[in-house]
Every structure is written in C-alpha cells, then in structure tokens.
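Please examine the structure shown below alongside the explanation that accompanies it. The text is intended to be read with the model in view.

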Amino acid sequence: MNNVVHIEKALIYASSKLNSPILSDVSLTIGEGELLYLVGRVGSGKSSLMKTIYGELPLRVGKGVVCGFDLRKITSKNLYKFRRHIGVVFQEYNLMAGMSVYENLEFVLRATEWKNKRAINRRIEEVLNTVSMADKAHRLPSEVSGGERQRVCIARAILSSPRLIIADEPTGNLDPAAASEIISLFHTIVDQGCSVILSTHNSENVRLFPSRVVRCADGFLI
Ligand SMILES: Nc1ncnc2c1ncn2[C@@H]1O[C@H](COP(=O)(O)OP(=O)(O)OP(=O)(O)O)[C@@H](O)[C@H]1O
C-alpha cells in the first residue's frame, strides 16, 4: 500500500512565530484509502498538525512527505501544485452565500482552469451524486440544512479527485443524526480510494464507524 502521509520525528508548532512546539516526536503514516481519526482535547494540537500536513504551517523539524511532496520543500511557488492533491473541509462551511450549490462548485473548477462547460457539468453532477445532493444543485447555501451544507463542502473538496482529504471538526456544527451521516459519507469516500484525516470530539461516531484513532495528548501523538 502506498503511503499518502509519512511524517517522522517532527516537531509541530501552532504558529510559525512560536518557538516551542505544541507536539513533539510526531511520527505518523497514513496509507492510501485509509481514514484516520485525530482526537484530543481542545487546544491539544490537532489543527496545528493538520495545517502542517497541508502546508499551511511550515515543517521546521523532522521529515514529512505528503502526496509525494516533501513538506520541507514546499514554497509559495509549488504550494498550489501540492494543494491540488488535497481537499479540505472545515467546521465552518465557507460557501459563497450568493451562489447556488452548483455555482459554488463551478467557481472552484473554473479557478482550477476547467473551461469545457460539458466537462464541468459532468464533474459537478458526479460529485453531487456522491454526496446525495444532486436534487438541490440550484439552491442557495441558506436554502439547505447544515448537514447538507457540509455535504456540499465535501463535494467541493473532492472536485479535483484529491488523494487526501483533511477534515477539521467537520461535524462540529451538526446535530448527532446529521453528524453520523457526514462521517458515514467520509467512509464511502475512503472506500473509493481517497485517504482522510478527520479530527473530531464525537467519540460516539468513532465507535459507530471504526477506524484507526490517533490522540493528541500532553504534547505527543498517542
Ligand atoms: N497563531 C497562534 N499563535 C499562538 N498560539 C496559537 C496559535 N494558534 C493556535 N495556538 C494555540 O496552540 C494550541 C494548539 O492549537 P490547535 O488549534 O492546534 O488545537 P486543537 O487541538 O485543534 O484545538 P480545537 O479542538 O479547539 O480545534 C492552543 O493552545 C492554541 O491556543
């Protein structure tokens, strides 16, 4: 199995301005088509680790290879190439309020140089089918539920067929039923070969949809 994430003996900092790491001696490997839950208390370093993995924070100490890119060699010049392999999903939806579900997705494809209208239509239809939102393509984000909004964000994250999805507290704003549906959807995406790192405080869903769990605690990964 190919590794999508391989980190060895890294120090993880919460900000590029801080001198002491939030996590030390971090070694982590995530295989193709694997879902990894990242758990831990508020402020334990989950987001910092995820930001380092998608190049938002620099890897200063240790080794890190993500989707074939050496994290120590990510620069502002090659960041966009690296990011094409990674989809991100956050607790906050960050959808454009004045654009329909379809237009939100079309905007992203056009920004990544998709030009052919028919190909754009086809891709949007595919990702909306994956997240069971094809019938709501023409609604505004305000006209769908929180769980459905998060489905649209997942559709947006998978548009470019990424090898890895980083989901930081994707169910934080959802009721338990909607949260379970979203976690189940991530498992479907993993079954299609994508890898997912998902941070969560929801231990019930970790129990319902089992996968490998890594905990941030006392400055280390356990
Ligand atoms: N830019 C920053 N400057 C200084 N400290 C920061 C910065 N960003 C985060 N921190 C601190 O670093 C620690 C780790 O933050 P991080 O966001 O990684 O935690 P987390 O485990 O994701 O928390 P949560 O569960 O609340 O999302 C926290 O104590 C946080 O307050």
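The paragraphs that follow take up the domains, the sheets, the ligand surroundings and some backbone details in turn.

The model is a predicted one. Its protein is divided into domain 1, made of residues 1–85 + 162–222, and domain 2, residues 98–161. A distance of 24 Å separates the C-alpha centres of domain 1 and domain 2. Between them, 11 residues of domain 1 are in contact with 11 residues of domain 2. On the side of domain 1 that touches domain 2, helix H6 (residues 176–191) gives the most, with five residues. That side of domain 1 comprises eight nonpolar, one polar and two charged residues.

In one, an open sheet, four strands follow the order E2-E1-E4-E5 with antiparallel pairing. Strand E2 (23–31) and strand E5 (69–70) each have a single partner strand, so one side of each is left without a neighbour in the sheet. Strand E4 (residues 61–66) and E5 run antiparallel and are joined by two bridges. Val65 has Asp70, in E5, as its bridge partner.

The other open sheet contains six strands in the order E6-E7-E8-E3-E9-E10, and its pairing is mixed. Its edge strands are E6 (86–90) and E10 (220–221), each of which pairs on one side only. Strand E3 (residues 35–40) and strand E8 (residues 195–199) run parallel, and four bridges join them. Leu36 has Ile197, in E8, as its bridge partner. Helix H5 packs on this sheet, where it touches E6 and strand E7 (164–168). The direction of H5 makes about 165° with that of E6.

H1 lies across strand E1 (3–12), E2 and E4, and runs at about 120° to E1. How much of H1 is covered? H1 is mostly covered, as seven of its eight residues are buried. The buried residues in H1 are Lys46, Ser47, Ser48, Leu49, Met50, Thr52 and Ile53. After H1 comes Gly55, with a positive phi near 75°.

Which residues lie closest to the ligand? They are Ala14, Ser15, Gly43, Ser47 and Ser48, out of 13 residues that surround the ligand. H1 contributes the largest share of this shell, three residues. By class, the shell around the ligand holds five nonpolar, seven polar and one charged residue. Two of the closest residues, Ser47 and Ser48, are also among the buried residues of H1.

Some backbone details remain. Most residues other than glycine have a negative phi. Cys67, in contrast, has a positive phi near 50°. Cys67 is placed in the loop between E4 and E5. Is Cys67 buried or partly exposed? A residue needs 20 or more other C-beta atoms within 10 Å to be buried; Cys67 has 19 and is therefore partly exposed.

Ser132 likewise has a positive phi, of about 55°, although it is not a glycine. Ser132 lies in the loop between helix H4 (117–130) and helix H5 (146–158). Because Ser132 has 14 C-beta neighbours inside 10 Å, this residue counts as partly exposed.

Note on methods:
Residues are numbered from 1 along each chain as its sequence is written. This is a predicted model: local features need pLDDT of at least 70, side-chain atom pairs count only at pLDDT 80 or more; totals for chains, interfaces and linings use all residues. Two strands pair if DSSP finds at least two bridges between them. Two residues are in contact if their C-beta atoms, placed from the backbone, lie within 7 Å. Axes are lines fitted to C-alpha atoms, for helices over the stretch in contact, and angles run from 0 to 180 degrees between N-to-C directions. A residue is near a molecule or strand if its C-beta atom, placed from the backbone, lies within 6 Å of it. Ala, Val, Leu, Ile, Met, Phe, Trp, Tyr, Cys and Pro count as nonpolar, Asp, Glu, Lys and Arg as charged, and the others, Gly among them, as polar. Domain bounds come from an automatic or database domain assignment. A residue is buried if 20 or more other C-beta atoms lie within 10 Å of its own, exposed if 12 or fewer, and partly exposed in between; C-beta atoms are placed from the backbone.
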